[in-house]
Amino acid sequence: MIDFATLVTPGVRDLQPYLPGKPSEEVERELGLRDVVKLASNESPLGPGRLARAALARAAEDVSRYPDASGYYLKRRLSARLGVPPECLTLGNGSNDVLDVAARCFVLPEHEVVLSAHSFVVFGLSARAVSATPIVTPARDWGHDLDAMARAITERTRLVYIANPNNPTGTWSPSADLERFLGAVPEHVMVVVDQAYAEYVERDDYPDCIPWIERHPNLVVTRTFSKVHGLAALRVGYAVSHPQVADYMNRVRHPFNVNRLGLAAAQAALDDDEHVARSVALNREGMGYLTGALDELGLAHIPSIGNFVTVDVGRPAGPVFQQMLREGVIVRPVGNYGMPDHLRISIGLESENRRCIAALAKVLGSI
Ligand SMILES: Cc1ncc(COP(=O)(O)O)c(C=O)c1O
């Protein structure tokens, strides 16, 4: 028998696969429930808007044809929206894809990748997949400690990942801190700022980051259509960078990595300002309700600017998660993020948020 463990690269041998949120269908099947509420994957409770749905239906007629490999029209729309030339864009199969492409472009096994404790799990996965060494800096108040991250940079560092806001903590780095950090990063280091939840943020001190690329050409900003645009299943994300960086990233990404349905829906979604505004407003209200209700339950939660809130249930969260499943509510345990007593709750529709709080209160009262 071949010992594949000796053949596989060291990084892949030690890789812990990504743990997705539990699908509603699975919970309904396993527990014999109906009307399960899923608040486990930071998805949009409204789903896609009218324009994206119509574009999707039209594009479905043409699925026998390969998509446009260059994503010409989507890039043109993004370019107009973001105020950057199309040459600065790399499209991805979700933003996960472009996060990973960045590591494959810049990082060798002898290199180090700096990331924060409790930061998005894909950062460490992407570093390990290329057999590099992730350097995990301690968090400050659950968020990125940018000073600690700057101190962790060495000659061997090639890449820094920063999630702003971060998942699963919802924490963020304000403009001044992030720009100071970028100013301190040496030229041999690429910095990826992941802004998957940027559209939800309503704070004056939250940086757009894209205009900074001119001043900091080693900066790569990633965004997604999975969150506020409600297109998670279609897998469309993108990176904005210096055009030379985008050229390299585009060489590495797989051909046709964004499918025809995704391209069409994403392009239409970009024009649907009304839908985005509705999603943001619903999120604001839901966040207000959920955080207020958690306060009433006496549960500490981490201040979040995303579409989710992470709560300390004051005991091992695994059994609480399991009991909440029996109440028909799926949330996300985050033990794999070094947060064994926390649950992450995505903001849902008003009725979903209420069911979640009722389930949490019942479960915490019973165990
Ligand atoms: C911080 C962060 N970045 C990136 C992603 C990836 O999303 P997608 O690949 O769907 O664009 C997620 C998804 O949850 C996320 O939380």
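Reader: Which residues of H6 are buried?

Author: Buried means under 20% relative accessible area, with a 1.4 Å probe and protein chains only. An α-helix has 3.6 residues a turn, so residues three or four places apart point the same way. In H6, the buried residues are Ser95, Asp97, Val98, Leu99, Val101, Ala102 and Ala103. This is a predicted model, where local features need pLDDT of at least 70 and side-chain atom pairs count only at pLDDT 80 or more, while totals for chains, interfaces and linings use all residues. Residues are numbered from 1 along each chain as its sequence is written, and side-chain values use heavy atoms, without hydrogens and water.

Reader: At what angle do H6 and H10 pack?

Author: Helices are DSSP runs of H or I, at least four residues, numbered from the N terminus. Axes are lines fitted to C-alpha atoms over the stretch in contact, and angles run from 0 to 180 degrees between N-to-C directions. H6 (residues 95–106) and H10 (residues 243–252) pack at about 100°, their axes 9 Å apart. That makes the two helices roughly perpendicular, a label for 65 to 115 degrees.

Reader: Which residues make the contact?

Author: Contact means heavy atoms within 4.5 Å. H6 supplies Val98, Val101, Ala102, Arg104, Cys105 and Phe106, and H10 supplies Val245, Tyr248, Met249 and Val252.

Reader: What does Phe181 touch?

Author: Leaving out residues up to four places away in sequence, Phe181 touches Leu146, Met149, Ala150, Ile153, Val160, Ile162 and Val191.

Note on methods
Angles under 35 degrees count as roughly parallel, over 145 as roughly antiparallel, 65 to 115 as roughly perpendicular and the rest as oblique. Buried means under 20% relative accessible area, exposed over 50%, partly exposed in between (1.4 Å probe, protein chains only).
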